[in-house]
Amino acid sequence: MNAEQHVPQFRFKDFSDSWEQRKLGEEAQLTMGQSPNSENYTKNPDDYILVQGNADMKNGRVVPRVWTTQITKKAEKSDLILSVRAPVGDIGKTDYDVVLGRGVAAIKGNEFIFQQLGKMKLTGYWTRYSTGSTFESINSNDIKDAKIMVPVEEEQQKIGSGANSVRDDHLTSY
């Protein structure tokens, strides 16, 4: 992408507007996790699904592993789940309403935002913000202030719907 014009090299037909650099917090709502008390953890699938970190995600999806009877912070079905502790930046979607542990954050974002976050992980974006000598982590300000390139809403939808059939590096190459 040209630094002055912010126009991707590869585009879908009918789109020519420049992309804007924005903060993720301006584009999507963020909820940081808060762990329930460990005595409330269960193996009962009738309780609330608890997402603590990347161990609870596989292939970009939340996979129930631990449950809890205590609700702290919540994410809703179709929210994006971002790992905020080592390894920082893993991203998944949830097909369930879940309770968020402190190792994750929920982001209300569309498929385009999901693809952007995946690219940020692949390119090592989060490693520059990771802090901690023994345990890497990022905080809510790191996430809210993360810079992403954003096209108009219609192009975001087109990119999001085409993401499964077109490689991500061609969608956001700049």
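Buried means under 20% relative accessible area, exposed means over 50%, and partly exposed is what falls in between, with a 1.4 Å probe and protein chains only. The views below come from a predicted model, in which local features need pLDDT of at least 70, side-chain atom pairs count only at pLDDT 80 or more, and totals for chains, interfaces and linings use all residues. Residues are numbered from 1 along each chain as its sequence is written, and side-chain values use heavy atoms, with hydrogens and water left out.

View 1. Let us start with Ser 83, which is buried at a relative accessible area of 1%. Ser 83 belongs to strand 9, residues 80-83; helices (H or I, at least four residues) and strands (E, at least two) are DSSP runs, numbered from the N terminus. The Ser 83 side chain reaches the backbone oxygen of Pro 87 at 2.8 Å. Such a polar contact is a pair of N or O atoms within 3.5 Å; within protein, one must be able to donate a hydrogen and the other to accept it, and residues adjacent in sequence count only if both atoms are side-chain atoms. Not counting residues up to four places away in sequence, Ser 83 touches Asn 54, Met 57, Val 88, Gly 89, Asp 90, Gly 103 and Val 104, where contact means heavy atoms within 4.5 Å.

**View 2. Thr 94 in its loop.** Thr 94 sits in the loop between strand 10 (91-93) and strand 11, and is buried with a relative accessible area of 0%. Its side chain reaches the backbone oxygen of Tyr 96 at 2.8 Å. Leaving aside neighbours within four places in sequence, the contacts of Thr 94 are Val 62, Glu 76, Lys 77, Ser 78, Asp 79 and Ile 81.

View 3. Five strands make up an open sheet with mixed pairing, in the order 3-7-4-11-8. Strand 3 (41-42) and strand 8 (73-75) are at the edges with a single partner strand each, so one side of each has no neighbour in the sheet. Two strands pair if DSSP finds at least two bridges between them; strand 4 (residues 48-51) and strand 11 (residues 98-100) do so in the parallel sense over three bridges. Look for Val 51, whose bridge partner in strand 11 is Leu 100.

**View 4. Two aromatic pairs.** The structure holds two aromatic pairs; rings of Phe, Tyr and Trp (its six-membered ring) pair if their centres lie within 6.5 Å, and planes under 30 degrees apart count as stacked, over 60 as edge-to-face and the rest as tilted. Trp 19 and Phe 112 are edge-to-face, at 5.8 Å centre to centre and 75 degrees between the planes. Trp 19 lies in the segment before strand 1 (20-23) and Phe 112 in helix 2 (residues 111-122), so this pair ties together parts 93 residues apart in sequence. The ring centres of Tyr 125 and Trp 126 are 5.1 Å apart and their planes are at 90 degrees, so this pair is edge-to-face. Both Tyr 125 and Trp 126 are buried.

**View 5. The ends of helix 2.** At the start of helix 2, a side-chain oxygen of Asn 110 comes to within 3.1 Å of the backbone nitrogen of Phe 112. Just after helix 2, Gly 124 has a positive phi of about 80 degrees.
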